[in-house]
Amino acid sequence: MFRFRSYRLRLLFLILALTGSAQLLAFLIVARVHRTMAEREIQRQLDVAAVQLARVVKQRNADLARGASVLSYDAGLRETLSSTDDIGTLRSVLENFQGRVGAGLVALLSTEGSLLAETRRGLPAANAYQPLQQAADEAENAQASGYAVVDDILHSLVVVPLRAPNIVAWVVVGFPLDQQFIAALKETTGVEVTLRHGSRTLATTNPNRGEYLTRALERPTTDGGTASILLQYSLDEKLAPARRLQRVLGFVFAGSLVLAALLAMGIARNVSEPVQHLAAHTRKIAAGDYETRVDLHREDELGQLAASFNAMAAGLAERDRVRDLLDKNVSPEVAAQLLRDGAALGGDEREVTILFADLRGFTTLSEKLAPRDLLALLNRYLDRMSGEIERQGGVIDKFIGDAIMALFGAPVPQPDAADRALAAAVAMEHALAELNLELARDGHPPLALGIGVNTARVIAGNIGSHRRLNYSVLGDGVNVASRLQSLTRTPEFDTNVITSAATIAALRDPSAHGLRPLGRVQVKGRSEPVEIFAAGSPSADAASAIGGVGVGPGS
Amino acid sequence: MLLGFAFAFLGVALPAAEVAFKVVDQKNQPVVDAVVSLVPLDGTAPPAVASTSPPLEIEQKRQEFIPYVTAIRAGTAIRFPNRDTVEHHAYSQSPARKFELPLYKPGRAETLLFERPGVVTVGCNIHDWMIAYVVVLSTPWLALTPAPGEITLGNVPAGRYRAEVWHPRLAKVQTREITVAPSANPAPVSFQLTLKADQRVRRAPDASGRGYR
């Protein structure tokens, strides 16, 4: 079977096949019934014609026999026939006889069967008569009838005795079944008639055009042969009205097929167009256009589908918006981790390098500036710093007011997390110097910052309630990083970046970052003193600009 | 045969004998109205024709000829009395005796002499079904079979004869040579005839009916 890629074509084919086959079947059945009926009717007509023919022949035979019998008792005729042997006289008597009974031919046979005289001229047809005479001689009613071909014309013959008062001779009377006879038969019965003797056609009314149904009546002839009387009726003629009807049916058939095709195409379009419409919109959505809406005002299933589609598009748009917000609110790596692993509470222990950066002198600034300008300035600072952190592959864990907490090595493990963190810290210093130049142009005082970097094993994961959570890290190492940041305010250290021995140990390239040991210090909350290092350039040049104003950690 | 020939040769007056006939048809049914006769073959002189008294008759009664068959020796006369209520017109076209008795009234009678041997068929011109046969023979030894189909001819001199049978439904006369001997009880001369269908015109059951079937 064909496989259609298009629903429209398939529907068209199905409906055409269904309609077409149903119509064709109906057409064939009708044609068959017509033919059967026509054949039955013709058979009936042929029956009638056969009966009619038999009746006519029998009637005419009886009429001739009666006429001949009556005449055979005519005393004068009898006298003449018995007393003369002149062939001319005998023939004239028979011709007179023929005229009286209205026969086609009359012949006189002796009791032995020899031909004495006959009305027809030409070669004597004694052979045609003798078998009938013999049959009559043996019949109790002394009569016989039958068919004979005389002068190429089929005749119906009757033989009756000539009595004086015993049988002294036989009289043969006959009438021809000639063209005129069959024409008359055709006129009364409407049936074509053909007379044959053996394979020879003697007479016919049949123009022989097209198909005929035939009833053949076989009659023995006196010469031992067989005469066939073919009664025929034209099937074409009988079927003509039916064929006219069939032609009309054909037009109706073709018309309804066209209508069905149009209907099928209409239905298909009604279905496929919205579907194609939906498909196009699906492609748009796949391309990221969630704002598009299917405009399909229908009550049916397709309408429901369109409504569902629109709802889906709205849902997708909503999700996209959420994703976008998520990306902005958490770092892209955390967002990806959340989307991948889900927002399940809990986490795992791993080594992470934590960076703490705090803006110094923010409180003074907040007193000088209007809150809106302050927020703009803060955002400008945070944006620059975040950029540097992310450039080094760090993840902003959270902003705590003017402070930044960033992670390296979580949620995505990084083998060079410590190097990246220190590089980010140094880069932040430089970035701040640039920012300060810009701020100076705008008439703002310069900013200063302190950065603490520590590497420790912590718990990393989703922290919070079931409704709201953050990806973050927990552990003592986080506090250490914060404390290291606080230590940058100690003037003796003369640095903006302080890191721990743990971070130094995790470095791949300890020669970079301009590291210098600052000795051991007591860190708040720690019983053991901690060995600390300064990174980057000394804070003097930067701090001189700021004026070495000590500022406490911002809240 | 030799004996008969010897008697004839010697010219001795021969003793007479009886000859019995038995005639049946193809179904072994006895045949009525068969004319049996003996034609002498060795010169036996038949006796002279004796006039019968009263003469034989074929009467016309109830529009029939009665009897149907009459066998006579040539030279015998037959009367044709009309004892009917209607007129008749008896005729014959048989070569042995052609005649015509034009319409004659009841009560009249014509006497006709039959001199030539042969079968004379008598009809009536106005009643198709009426028919009678007069079988005229040259021999005096003749008889008509009655109902049992058996008849005996008496006073037949011994000698050789041609026994003949004629019947209206027989196509051809049947013959057989026999020798008559003066023995006491000779076996009957048997004939089995092949009779044709009775093709006589049936008389209509009533006068208004058809004249033939």
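So, the contact between the two chains: 21 residues of chain B meet 22 residues of chain A, where contact means heavy atoms within 4.5 Å. Bear in mind that this is a predicted model, so local features need pLDDT of at least 70 and side-chain atom pairs count only at pLDDT 80 or more, while totals for chains, interfaces and linings use all residues. Housekeeping in one go: residues are numbered from 1 along each chain as its sequence is written, chains are lettered from A and ligands numbered from 1 in the order in which they are written, and side-chain values use heavy atoms, with hydrogens and water left out.

Back to the chains. Chain B and chain A bury about 1,700 Å² between them, with 42% of that on carbon and sulfur atoms. Buried area here is the accessible area, taken with a 1.4 Å probe, that two parts lose on being put together, summed over both. How many salt bridges does the rule find across the interface of chain B and chain A? There are 2, a salt bridge being a side-chain nitrogen of Lys or Arg within 4 Å of a carboxyl oxygen of Asp or Glu. A salt bridge you can look up is A:Glu140 with B:Arg202, at 3.1 Å from N to O.

Polar contacts come next: 7 residue pairs across the interface of chain B and chain A, both partners at pLDDT 80 or more. That term means a pair of N or O atoms within 3.5 Å; within protein, one must be able to donate a hydrogen and the other to accept it, and residues adjacent in sequence count only if both atoms are side-chain atoms.

Which strands of chain B each supply at least two residues of the side that touches chain A? Strand E11 (118-124) and strand E12 (127-137) do, and E12(B) gives the most, with 4 residues. Strands are DSSP runs of E, at least two residues, and helices are runs of H or I, at least four, numbered from the N terminus. By class, the chain B side facing chain A has 8 nonpolar, 5 polar and 8 charged residues. For the classes, Ala, Val, Leu, Ile, Met, Phe, Trp, Tyr, Cys and Pro are nonpolar, Asp, Glu, Lys and Arg are charged, and the others, Gly among them, are polar.

Now domains, with bounds that come from an automatic or database domain assignment. Chain A is split into domain 1 (10-235) and domain 2 (342-546), and their C-alpha centres are 135 Å apart. In chain B, domain 1 is 2-7 + 17-44 + 149-193 and domain 2 is 56-137; there the C-alpha centres lie 27 Å apart.

The two domains of chain B do touch: 5 residues of domain 1 are in contact with 7 of domain 2. They bury about 560 Å² between them, 82% of it on carbon and sulfur atoms. On the domain 1 side, B:Val35, B:Trp166 and B:Pro168 lose the most area, together 70% of what that side buries.

On to sheets. Two strands pair if DSSP finds at least two bridges between them. Chain B has an open sheet of 3 strands, ordered E3-E7-E10, with mixed pairing. Strand E3 (56-57) and strand E10 (109-114) each have a single partner strand, so one side of each is left without a neighbour in the sheet. Strand E7 (residues 76-81) pairs with E10(B) antiparallel over 6 bridges, and B:Arg79 stands opposite B:Thr111 there.

Elsewhere in chain B, strand E1 (residues 16-25) runs antiparallel to strand E14 (residues 150-157), joined by 6 bridges, with B:Val19 opposite B:Leu153. E1(B) also pairs with strand E17 (residues 189-193), in the parallel sense over 5 bridges, and B:Lys22 stands opposite B:Ser190.

Most residues other than glycine have a negative phi, and most peptide bonds are trans. A:Ala142, not a glycine, has a positive phi of about 55°, in the loop between helix H4 (126-138) and strand E3 (144-150) of chain A. A cis peptide bond joins A:Ala164 and A:Pro165, with omega about -20°. B:Ile66 to B:Pro67 is cis too, with omega near 0°, and B:Pro67 lies in the loop between strand E5 (64-66) and strand E6 (69-73) of chain B.
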